Amino acid sequence: MTAIYRFNLTFCLLLCSSMAFADPTAPEAELQTEATAAVAPQALPKLSLIRSQGRSFQALIDGVLVKTGDKVGAYQVQSISASQVILQQGDKRLQLNLFNRTTK
């Protein structure tokens with residue numbers, strides 16, 4: 001074999017074998033167990049609009065038109081007024097306001 005051929009063969013073998021090893025600068029991977037897994041916070045429902053139909057109201061929450069008594073995820077719609085929706089889940093009450101109440 002010629003010297004160039006041996007050099008190319010050696011270089012290719014070294015290059016291929018180095019690809020098999022893990023990157024020593026990469027951060028260590030951590031396996032998450034149930035105890036260490038982060039619990040994703042549950043997103044709050046988003047109120048987009050409230051519309052009136054005579055004396056009753058409907059609300060658009062998370063893209064779904066709902067009325068009093070309907071379910072929104074784990075919550076139940078308790079009441080809808082011209083500016084807010086009250087949702088209930090067990091003892092937990094959630095008030096969704098149509099407008100930001102901050103005034104300047």
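This is a predicted model: local features need pLDDT of at least 70, side-chain atom pairs count only at pLDDT 80 or more; totals for chains, interfaces and linings use all residues.

**Strands and core**

I started with the sheet made of 3 strands, which is open, runs in the order S1-S2-S3 and has antiparallel pairing. Its edges are strand S1 (47–53) and strand S3 (64–66), each pairing on one side only. The twist there averages 25° from one strand to the next.

Next I checked how S2 meets S3. Strand S2 covers residues 56–61 and is joined to S3, antiparallel, by 3 bridges. Ile 61 has Val 64 in S3 as its bridge partner.

Then I turned to the other open sheet, where 4 strands line up as S4-S5-S6-S7, again with antiparallel pairing. I found strand S4 (71–72) and strand S7 (92–97) at the edges, each with pairing on one side only. Between S6 (residues 84–89) and S7 I noted 6 bridges in the antiparallel sense. Gln 84 sits opposite Asn 97 of S7.

What about the largest nonpolar core? It holds 13 residues, and those touching the most other members are Leu 47, Ala 59, Ile 61, Val 77, Val 85, Leu 87 and Leu 96. Two or more residues each come from S1, S2, strand S5 (75–80), S6 and S7. S5 contributes the most, with 3 residues.

Last, I picked Leu 87 and asked which residues it contacts beyond its neighbours within four places in sequence. My list reads Pro 45, Ile 61, Val 72, Tyr 75, Gln 76, Val 77, Gln 78, Lys 92, Arg 93, Leu 94 and Leu 96.

Note on methods
Residues are numbered from 1 along each chain as its sequence is written. Side-chain values use heavy atoms; hydrogens and water are left out. Two strands pair if DSSP finds at least two bridges between them. Axes are lines fitted to C-alpha atoms, for helices over the stretch in contact, and angles run from 0 to 180 degrees between N-to-C directions. A nonpolar core is a set of buried Ala, Val, Leu, Ile, Met, Phe, Trp, Tyr and Cys residues joined through side-chain atoms within 4.5 Å. Buried means under 20% relative accessible area, exposed over 50%, partly exposed in between (1.4 Å probe, protein chains only). Contact means heavy atoms within 4.5 Å.
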